[in-house]
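Biologist: Hello! Could we go through this model together?

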Amino acid sequence: MNTQLQVKQAIFEPLEHIQSPLIALQDLYKKYGTKTAVDHVNLNAWGGEVFGFLGPNGAGKTTTIKMIVGLLQPTSGTVKVAGYDMQKQPLQAKISTGYVPDTPNLYSKLSARELLHFVGELYRMAPSQIDHRIEELLRLFSLVEAGDDQIDSYSHGMQQKASMAAALMHDPKVLVLDEPTVGLDPKSARLIKDVLRQFSDRGSLVFVTTHILEIAERMCDRIGIVNKGRLIAVGTMEELRTIRRGETSLEDIFLSLTGGPEEAELAEVLK
Amino acid sequence: MKKILAITWKDTLVRFDGFSRWLFFLILPIVFTLVLAGGTGSSSDKRVRLVVVDQANSPLSADLVAALENSHSIRPDLMTLAQAETQFSQRSASAVLIIPTGFDLTHLEQGSIPLEMRQQPNNMNAMVAQRAVMSVISRVSSAANIANTSVAKAEQIQAFASAADRQVYFNEALKQAQSLLSAAPSRVTESKGSTKDSIDYNPGANSSAGQLITWVFIPLLGISQLFAVERQKGTLRRLLTTPTRKSTFLLGTIFGQVLTALVQMLLLITFGTFVMKLNWGSQPLALVVMMVSAALAAAALGTTLGTFVKTDSQASGLSVMAGMVMALLGGCWYPLELFPQAVQNIVKILPTTWAMRGMLDIVLRGQGLTSILPVAGVLIGFAVVFFTIGIWRFKYE
């Protein structure tokens with residue numbers, strides 16, 4: 001067993017079985033002026049699964065994610081994370097959540113080690129726990145050597161890995177990722193996919209948006225497809241194939257669900 | 001509290017990421033303080049310095065230099081011609097008086113001896129030096145004139161037996177004339193007015209207080225830049241996905257900057273006290289109250305500014321410009337009393353004006369807590385108003 005796998009096993013100890021959903025969206029609705037961004041979405045996602053949240057541009061994915069992580073207030077409906085209402089108990093809900101945005105959004109003048117230390121303190125981790133966790137995560141993401149360099153000297157891939165390390169610092173129950181593999185080289189993308197799999201296998205929930213359908217198809221246990229603010233399909237790949245008889249790939253299912261017949265035909269021609 | 005300290009520590013790491021930050025934090029403030037104070041350990045002698053080159057080295061030239069030493073307005077500084085010319089060409093000397101070879105009684109008996117006076121153009125100190133030199137020369141030459149007149153009168157009565165006798169008579173006459181002139185009763189009675197000078201000015205104290213306020217206000221106004229950077233880079237958005245309240249973020253950021261400003265003030269005050277020998281430490285409690293109230297007022301203004309800017313560069317430009325203008329108008333670079341009365345009234349709306357007044361009350365006038373409390377109260381008032389506006393208008397996205 002190599003060192004990386006040993007680290008993964010060490011930092012992703014199995015959680016106790018959790019019966020209730022780790023993310024529960026109930027009649028979630030968000031309106032900007034007269035425009036409806038999220039239209040009465042109901043969705044449950046459980047621990048131990050990688051949940052893919054797909055949709056075309058402007059479908060309401062980012063708005064939904066922002067409400068899940070507490071950056072936006074819903075117009076109506078509720079978001080519960082690990083059983084806590086994000087509006088009524090935001091601090092408890094946020095303790096259970098790790099968020100990886102599509103762009104790293106890191107303090108570029110800090111080193112990865114300083115950043116992780118800062119994040120650990122925000123989550124009120126004990127100093128010894130912080131130091132231990134930093135070393136684990138730097139090893140996991142192959143950032144040990146660059147750990148004391150300023151983040152602005154990192155490549156995009158290294159920044160994305162530092163961003164993910166920051167989200168995992170407090171060992172959350174729920175990890176929310178927005179397009180995590182964008183701009184990554186194949187090796188880094190593979191590492192991140194492995195880490196997410198390992199993370200969900202120990203009982204946590206990975207809630208991920210991606211527009212790379214191939215990744216979603218391979219990586220996600222269940223997929224939710226959103227279009228024009230509405231959740232139009234949820235299920236495993238098998239369940240989605242059942243819904244759209246005759247469509248075998250996620251791309252076909254996605255296009256037939258989110259586009260009109262013209263778009264589906266165009267996609268067929270372009271294959 | 002742990003989170004507030006974590007945010008403070010993070011901001012400190014981000015702020016002091018290179019040498020240039022230390023340049024603005026400590027080095028430039030000290031350099032500007034020294035330049036505007038005219039150097040360290042400046043003499044308590046406030047007379048205008050006059051560079052004097054004595055090429056004659058005669059008793060008469062020594063008398064002239066001694067007379068210059070006794071002047072109320074100029075202070076002779078003897079040096080060689082080469083040194084004097086270097087200083088004059090570098091404009092570090094306002095005026096140079098050259099006493100030529102042959103400036104002695106023998107030559108004076110035979111007629112006038114021209115002295116050379118070099119002056120910088122359009123220089124007030126040079127004009128003061130010229131008038132003082134003319135006055136001193138007039139006094140020194142009076143004795144010689146009296147001696148010459150005595151010799152002439154004596155010759156009209158009876159010619160001298162020899163030139164040596166004539167010289168002895170001249171010397172004796174000169175000695176008596178000098179003695180009588182020095183003992184002559186003053187024709188001007190001097191008395192000092194009881195009305196206090198409206199301009200309290202000490203180059204060292206004014207420079208130390210003014211530069212302290214300038215270089216502390218600018219980074220505190222730069223809180224607006226911190227907010228803009230956090231919003232622009234998305235780090236604030238990300239921070240708010242952690243269990244951190246918005247109020248904790250604001251408190252941590254502002255507390256960190258105020259703490260840094262207090263450390264900066266303390267270092268500059270320590271420099272002023274030990275290197276420039278300024279009286280910063282006589283009223284420590286009053287000083288602490290002034291430091292805290294000034295820092296809070298500036299931080300509050302920075303918080304409000306942060307709600308009007310959208311980008312890092314806007315905030316950076318605005319904070320430096322606003323800081324410099326407010327410092328200038330607040331009397332941090334020139335005594336406020338030099339401005340017209342209308343301007344002096346208008347600038348009371350600036351926190352820098354009050355901060356400068358309070359600091360000068362301590363370092364220049366030696367006033368205590370009771371005296372500076374009204375000024376500190378005004379600054380706290382600024383802080384309350386600007387924090388209220390800033391927090392009310394603050395946007396996290």
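Predicted model: local features only at pLDDT ≥ 70, side-chain atom pairs only at ≥ 80, totals over all residues.

Biologist: Is R91(B) buried or exposed?

Modeller: Residues are numbered from 1 along each chain as its sequence is written, with chains lettered from A and ligands numbered from 1 in the order in which they are written. A residue is buried if 20 or more other C-beta atoms, placed from the backbone, lie within 10 Å of its own, exposed if 12 or fewer, and partly exposed in between. R91(B) has 9 other C-beta atoms within 10 Å, so R91(B) is exposed.

Biologist: Which residue of chain A has a positive phi although it is not a glycine?

Modeller: Most residues other than glycine have a negative phi. In the loop between α4 (112-122) and α5 (127-140) of chain A, one residue has a positive phi of about 55° although it is not a glycine: R124(A).

Biologist: What is the strand order in the open sheet of four strands in chain A?

Modeller: Strands are DSSP runs of E, at least two residues, and helices of H or I, at least four, numbered from the N terminus; two strands pair if DSSP finds at least two bridges between them. Seven bridges join β1 (residues 23-32) of chain A to β2(A), and the edge strands are β2 (35-45) and β5 (84-85) of chain A. The pairing is antiparallel, and the order is β2-β1-β4-β5 (chain A).

Biologist: Which residue in β7(A) stands opposite Y99(A)?

Modeller: Y99(A) is buried, in strand β6 (residues 97-100) of chain A. Four bridges join β6(A) to β7 (residues 174-178) of chain A, and the two run parallel. Opposite Y99(A) stands V176(A).
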